[in-house]
Amino acid sequence: MDLDQQVAALLPEGVQFTRTPKDAAAITLRHLATHSSGLQRGLDHPVQKSNNSYTDFDRSMFYKALPRAELTFRPGSDSAYSNLGYGLLAHCLELLTGRSFNDLIKEFIFVPEELLDTFVLDQGNADQLTRLASRYADSGRDRGRLEITERLVGSGGLVSTPSDVARLGAFLLRARAGKEPLVPADSPLARAVSYRNEPDGVVVSFGWDRGGTRIPNTEDVQFPKKNGGRAGASAYLLLSAAGEGDFAVAVSLNLDVDSDEGTTAGGIAREIMRGLLNK
């Protein structure tokens, strides 16, 4: 694949790409991967036949919703997190390869890194459902199993365990250090794991949340992180910053949390990292 390939050229003929297709014609796969496409954060329209499974994707519904998307800035001129952008990126990979995103992520990520407890959530899969943790409100009320509506698999949809997420973090640390055989030093993927603190800010490559996070006693350094969640469920991956050791911390919670009290997955991860770094 060519990272600088235009997204509009990959979509079927006749599919309008955003409300302003002339402006959106400049969006490339690289823009999607670096959250610099200008696409809005998400689509408030159905893209699936079913409202509770990531695996039941309906292309026709997505193509009908895509013309309603808006650009919040000129492609490449800024960056802002976009679930729509990453969902579209995964779909472009499907169009380029003729394979499902689920198959691709298994072959290139899950199997090589032995992420045996990570998969695309399928509400029709009884084996998966029996392993899902119950979700709880802060009052103790059981929220039931996780359900996902009107989403694109590339912008989420994976369920996992903290052990697997930490294993993924270790893979990223090895790649960052040039010690990961699966990631040649001069490859796009090697650049994808870069995350550098520069005098004028953080330089972020593919996928990471822009800006990172800080932990107590290291306020001048921003740490790479990625988080996600739904009501009653959240997960957080935190890596040590370059020059600050080699640690990956993964935390997941199955209850509603109070962000003001710091009892979030991120708050807990930062405290663990602080201990690992003896800060």
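Colleague: Where is the place of aspartate 58?
Modeller: Aspartate 58 sits in the loop between α2 (29–33) and α3 (59–65). Once its neighbours within four places in sequence are set aside, aspartate 58 is in contact with Val47, Gln48 and Lys49.
Colleague: And alanine 185, buried or exposed?
Modeller: Alanine 185 is exposed, because its relative accessibility is 72% and exposed begins over 50%. Alanine 185 belongs to the loop between α7 and α8, and its C-alpha lies 8.1 Å from that of alanine 175, with the two alanines 10 residues apart in sequence.
Colleague: Since you mention α7, how many residues does α7 have, and how far does α7 reach?
Modeller: Helix α7 covers residues 162–176, which is 15 residues, and from its first C-alpha to its last it reaches 21 Å, close to the 21 Å expected at 1.5 Å a residue. Just after α7 comes glycine 178, which takes a positive phi of about 75°.
Colleague: Which residues in α7 are buried, and what covers them?
Modeller: The buried residues in α7 are Asp164, Gly169, Phe171, Leu172, Leu173 and Ala175. Their cover includes α8 (188–192) together with the strands β8 (233–239) and β9 (248–253).
Colleague: Changing topic to the largest nonpolar core, which residues touch the most other members?
Modeller: That core has 25 residues, and those touching the most other members are Val7, Phe17, Leu32, Phe62, Leu84 and Leu88. At least two residues of this core come from each of α2, α3 and α4 (83–97), and α4 gives the largest share, with 4 residues. Apart from this core lies another one of 15 residues, among them Tyr54, Phe110, Leu121 and Ile148.
Colleague: What does phenylalanine 17 touch?
Modeller: If residues up to four places away in sequence are not counted, phenylalanine 17 touches Val7, Ala8, Leu11, Ala24, Ile27, Leu39, Leu66 and Leu88.
Colleague: How many aromatic pairs does the structure hold?
Modeller: The structure holds 1 aromatic pair, formed by phenylalanine 62 and tyrosine 63, whose ring centres are 6.0 Å apart and whose planes make an angle of 35°, which is a tilted arrangement. Phenylalanine 62 and tyrosine 63 are both buried.
Colleague: Stepping back to the whole protein, how does the radius of gyration agree with a compact globule?
Modeller: The radius of gyration is 19 Å, which agrees with the value near 19 Å that a compact globule of 279 residues would have. Along the principal axes, the C-alpha atoms fill a box of roughly 55 × 45 × 35 Å, and 41% of the 279 residues count as buried. The secondary structure comes to 9 helices and 9 strands, and among contacts between residues at least 6 apart in sequence, 58% join residues at least 24 apart.
Colleague: Last one: where is confidence lowest, and where is it highest?
Modeller: Confidence is lowest in strand β6 (residues 201–204), with a mean of 69, and highest in helix α1 (residues 21–24), at 97. Over the protein, the mean pLDDT is 87, and 96% of residues reach 70 or more. Where pLDDT is low, the predicted coordinates should not be read in detail.

How values were computed. Residues are numbered from 1 along each chain as its sequence is written. This is a predicted model: local features need pLDDT of at least 70, side-chain atom pairs count only at pLDDT 80 or more; totals for chains, interfaces and linings use all residues. Side-chain values use heavy atoms; hydrogens and water are left out. Rings of Phe, Tyr and Trp (its six-membered ring) pair if their centres lie within 6.5 Å; planes under 30 degrees apart count as stacked, over 60 as edge-to-face and the rest as tilted. Buried means under 20% relative accessible area, exposed over 50%, partly exposed in between (1.4 Å probe, protein chains only). pLDDT is the predictor's confidence in each residue, from 0 to 100. The expected span of a helix is 1.5 Å times one less than its number of residues. Contact means heavy atoms within 4.5 Å. A nonpolar core is a set of buried Ala, Val, Leu, Ile, Met, Phe, Trp, Tyr and Cys residues joined through side-chain atoms within 4.5 Å. The radius of gyration is taken over C-alpha atoms; the globule rule is 2.2 Å times the number of residues to the power 0.38.
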